[in-house]
Amino acid sequence: MIIDTHAHLDFPDYKSDLESVLSRAKEAGVGYMINVGTSLAASKKSVTLANRFDNIYASIGIHPHDASKVSEQDWQAIESLVREPKVIAIGETGLDYYRNRSPHEDQQRIFRKHLTLAKTHNLPVIIHCREADSDCLTILQEHKNGNLRGVVHCFSGTREMARKYIELGFYISFAGPITFSNVNSLREVAKSIPVERVLLETDCPFLSPQPKRGERNEPSYLSYVIPVLADIYGLSVQDIRRITTFNAHKLFGIGEPEQEGKVAYAIRNSLYINLTNRCSNMCAFCMRETYPIVKGHHLALKKEPTAEEVIHAIGDPSGYDEIVFCGYGEPTERLDVLITVARFLKSKGKRTRLDTNGHGDLINGRPIIRELEGLIDTICISLNADTAEKYEEICKPVFGEKAYPALIQFIKEAKQVLPNVQVSLVEMPGVDVEKCRKIAQELGVDFRVRRHDVLG
Ligand code: SF4
């Protein structure tokens with residue numbers, strides 16, 4: 001199921017065949033659509049559409065083009081519409097200095113009114129911004145508080161501006177133009193944004209993607225946008241569908257995300273195994289306590305699975321390139337299960353990887369690396385600091401000062417026993433990346449730097 005977060009299905013373009021458009025959307029897996037108001041009249045129509053179809057929700061607002069025409073009466077009517085049960089967002093509002101159809105002062109005044117309305121009703125805001133990012137960001141900063149949130153739709157700004165919206169907690173959505181052949185710069189901007197902040201939209205009837213460019217757009221055409229985003233992020237089409245749906249749920253509260261942690265979950269062409277919530281670290285960047293979601297998968301386990309349950313959850317592993325013991329906690333906390341499952345995977349000829357904090361010996365009270373010989377092809381060990389003091393500060397290991405020397409010893413032993421050993425570092429302020437790289441070089445293992453805001 002996917003969500004079109006920005007459609008104008010109330011437009012006359014759909015007068016004669018709306019039912020067919022919705023039926024094609026359903027066939028393409030579009031579970032929900034948000035119909036976005038551009039004027040008082042269109043906002044009323046959005047609400048009417050949302051009341052008519054279970055899978056359509058409404059956003060209400062007045063486009064910046066019409067800012068100079070908004071009367072006090074219009075605004076009061078918008079304020080009363082906000083109480084309609086299927087209104088889930090405010091907008092589209094914002095600033096458009098490209099077409100300049102209303103004076104800037106009027107656009108800014110009406111934008112501010114929308115932001116106040118959104119905050120009063122604790123609703124996200126859908127922002128239209130063209131060639132006005134600097135003013136847009138200034139106004140958002142003015143209104144920034146706990147519940148200001150939203151999306152900048154059909155993003156066309158720079159990487160730097162995208163970063164600032166993200167820092168303000170906003171999402172970014174891309175429509176058909178991301179599929180055009182001449183927009184490498186837009187694709188580069190998209191690449192710089194964490195996929196956890198990306199939403200799908202069509203902006204239909206406008207901005208049809210390739211190969212429908214120039215035709216009327218419709219929600220089912222998201223199926224042309226998703227592969228392009230998958231390519232940009234190096235993810236699968238399924239990953240983009242799941243992640244953007246989860247993102248839309250998080251922002252707008254629509255859809256039904258998973259409630260229970262998964263034991264086995266796919267990202268790209270790898271299958272990840274989640275054995276436990278437990279870990280001997282409490283890393284500053286870890287999402288276990290706060291946000292147990294990785295690439296749209298819910299990972300907080302209600303109960304630790306047995307080896308049989310893990311094997312059952314894996315099913316047929318033949319379609320995956322690699323099976324990774326990773327997940328929400330530290331896999332070596334459940335060494336017996338890990339070994340049983342790895343043995344099963346090896347019997348099927350699968351490549352295996354273990355992502356670990358390197359505390360396996362301390363956790364199990366014995367050197368464990370020989371037990372993994374022949375079962376694990378690649379081990380990726382989190383180094384995370386160039387000194388024991390820094391490691392304790394960032395990772396807060398339950399083993400205290402013993403943890404870092406034991407981790408280094410574990411890397412050395414892994415190098416002796418396993419075919420591929422990699423150490424990784426999550427970029428954190430105060431961590432010396434080059435010193436960590438040097439440690440990896442001296443240990444003779446590969447080195448990888450990870451962004452703290454990118455998981456999976
Ligand atoms: S080692 Fe991994 S699972 Fe454990 S606290 Fe650190 S980031 Fe979280």
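Student: What makes Asp17, Arg24, Arg216 and Glu218 a network?

Tutor: They are linked by salt bridges. A salt bridge here is a side-chain nitrogen of Lys or Arg within 4 Å of a carboxyl oxygen of Asp or Glu. This is a predicted model: local features need pLDDT of at least 70, side-chain atom pairs count only at pLDDT 80 or more, and totals for chains, interfaces and linings use all residues. Residues are numbered from 1 along each chain as its sequence is written, and side-chain values use heavy atoms, with hydrogens and water left out.

Student: Why is the contact between arginine 216 and aspartate 17 called a salt bridge?

Tutor: Their side chains meet at 2.9 Å, N to O. The limit is 4 Å, so the pair qualifies. The two residues are 199 apart in the chain. Arginine 216 is in the loop between E8 and helix H8 (222-233), aspartate 17 in the loop between E1 and helix H1 (18-27). Helices (H or I, at least four residues) and strands (E, at least two) are DSSP runs, numbered from the N terminus.

Student: Why is arginine 216 called partly exposed?

Tutor: Its relative accessible area is 24%. Buried means under 20%, exposed over 50%, and partly exposed in between, with a 1.4 Å probe and protein chains only. At 24%, arginine 216 is therefore partly exposed.

Student: How do you know that arginine 351 and glutamate 322 pair by the same rule?

Tutor: The N to O distance is 3.8 Å, so it passes the 4 Å limit. Arginine 351 counts as partly exposed at 47%, whereas glutamate 322, at 8%, is buried.

Student: Where do glutamate 167 and arginine 163 lie?

Tutor: Both are in helix H6 (residues 159-167), four residues apart, about one turn of the helix. An α-helix has 3.6 residues a turn, so residues three or four places apart point the same way. The salt bridge of glutamate 167 and arginine 163 is 2.4 Å, N to O. Glutamate 167 is exposed at 55%; arginine 163 is partly exposed at 37%.

Student: What makes the buried residues of H10 line one face?

Tutor: Ala307, Val310 and Ile314 are buried in H10 (residues 307-314). Down the axis, the buried residues fall within an arc of 60°, so they line one face. The arc is that of the directions from the helix axis to the C-beta atoms. The face turned away carries the exposed residues Glu308 and His312. The cover over the buried residues includes strand E9 (264-267), strand E10 (270-274) and H11. Glycine 315 follows H10, with a positive phi near 65°.

Student: Why are E4 and E5 called paired strands?

Tutor: Pairing needs at least two bridges found by DSSP. Strand E4 (residues 87-96) and strand E5 (residues 125-130) have five, in the parallel sense. The pair therefore meets the rule. Glycine 94 stands opposite histidine 128 in E5.

Student: How do you know that helix H2 packs on the sheet?

Tutor: Contact means heavy atoms within 4.5 Å. Helix H2 (residues 40-52) touches strand E2 (30-36), strand E3 (56-60) and E4. The direction of H2 makes about 160° with that of E3. Axes are lines fitted to C-alpha atoms, for helices over the stretch in contact, and angles run from 0 to 180 degrees between N-to-C directions. Helix H5 (residues 133-143) lies across E4 and E5, at about 150° to E5.
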